[in-house]
Amino acid sequence: MKYRLTMVIVGWLISTGALAANPHVKMRTNLGDIVLELYPDKAPKTVANFLQYVGSGHYNGTVFHRTIQKFVIQGGGFTPDFQYKPTLDPVPNEATNGLRNEPGTLSMARAYDPDSATAQFFINLDDNKFLNHHRPHPDYYGYCVFGKVIKGMDIAKKIGALPTAAGGPFTADVPVEPVVIEEMVLASASSTDNPKAVETAAPAKSRKKTPQSKKEKTHG
């Protein structure tokens, strides 16, 4: 009930223009802060879904469980001991919104089904053109971009460069030292502008790796 109420409120704020200025979300990690700007005009359902998880505290205490230098860092689904956090129903894929998986952009992770994204997200560390929408087929539908990093990209790159190994249900790409999202909160644009305020397998580039959700690899 609390989740549904939050979704209604967020949807109303977006539809009425109460969030006319793009909302900012501050992510505090044990390696530093990252500030995200979201695009409700381009991906309204995805942004509402993401803000619902932020508002419920879902992301607090989760980790970046998949980090690949010059590709992506992915998190939002597991605790440090690899317990999978329950999620809401999947959100429709809005990858046709014209936004691209360029360096610093924020996108939703998913499984092979284009409409299977729930809570997991990733930050692009490179120009991942193969993750963009190309045509309405599961192999080429793409991953929805719904925001970007506006502060702390150096932290994202630092996370992406960490040593990795197998961990939990994953055979590779898990940071040896956990990268914990200690808190994620909605913040006003003015506060984040003030430096004192504070899921089935697919290719990546040469068909190697793509963002995965839960235990499945994603398809791109």
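Colleague: What makes Glu-182 and Arg-28 a salt bridge?

Modeller: In this predicted model, the N to O distance between their side chains is 2.7 Å. The cut-off is 4 Å, from a side-chain nitrogen of Lys or Arg to a carboxyl oxygen of Asp or Glu. Arg-28 and Glu-182 meet that rule, so the pair is called a salt bridge.

Colleague: Where in the chain are the two residues of this pair?

Modeller: They sit in distant parts of the chain, 154 residues apart. Glu-182 belongs to strand β10, residues 180-187. Arg-28 belongs to strand β1, residues 24-29.

Colleague: Why is Glu-182 called partly exposed?

Modeller: Its relative accessible area is 35%. Buried means under 20%, and exposed means over 50%. The value for Glu-182 lies in between, so the residue counts as partly exposed.

Colleague: What about Arg-28?

Modeller: Arg-28 has 35% relative accessibility, so it is partly exposed too.

Colleague: What makes Asp-127 and Lys-129 a salt bridge?

Modeller: Their closest N and O atoms are 2.6 Å apart. Asp-127 has a relative accessible area of 30%, so it is partly exposed.

Colleague: Is Lys-26 buried or exposed?

Modeller: Lys-26 is buried, because its relative accessibility is 10% and the cut-off is under 20%.

Colleague: How many salt bridges does the rule give?

Modeller: The count comes to four.

Colleague: What makes the phi of Phe-82 worth a look?

Modeller: It is positive, near 65 degrees, and Phe-82 is not a glycine. Most residues other than glycine have a negative phi. Phe-82 lies in the loop between β4 (72-75) and β5 (105-108). With 25% relative accessibility, Phe-82 counts as partly exposed.

Colleague: Which strand holds Asp-173?

Modeller: Asp-173 is in strand β9, residues 170-175. Asp-173 has a positive phi as well, of about 70 degrees, and is not a glycine.

Colleague: Why is Asp-173 called buried?

Modeller: Its relative accessible area is 11%. Buried means under 20%, so Asp-173 qualifies.

Colleague: How many helices and strands does the chain have?

Modeller: The chain has four helices and ten strands. Along the sequence, the pattern is α-β-β-α-β-β-β-β-β-α-β-β-β-α.

Colleague: What part of the chain is buried?

Modeller: Buried residues make up 50% of the 220 residues. The accessible surface of the chain is about 10,000 Å². Carbon and sulfur atoms account for 55% of that surface.

Colleague: What is the average pLDDT of the chain?

Modeller: The average is 85, and 76% of the residues score at least 70.

Colleague: Where does pLDDT stay under 50?

Modeller: One such stretch is residues 14-19, with nine contacts beyond four places in sequence. Over residues 213-220 the pLDDT is also below 50, and that stretch has 49 contacts beyond near neighbours in sequence.

Colleague: What should a reader do where pLDDT is low?

Modeller: The predicted coordinates there should not be read in detail.

Terms used: Residues are numbered from 1 along each chain as its sequence is written. This is a predicted model: local features need pLDDT of at least 70, side-chain atom pairs count only at pLDDT 80 or more; totals for chains, interfaces and linings use all residues. Side-chain values use heavy atoms; hydrogens and water are left out. Buried means under 20% relative accessible area, exposed over 50%, partly exposed in between (1.4 Å probe, protein chains only). Accessible areas come from the Shrake-Rupley method with a 1.4 Å probe; for residues, only the protein chains shown count as cover. pLDDT is the predictor's confidence in each residue, from 0 to 100. Contact means heavy atoms within 4.5 Å.
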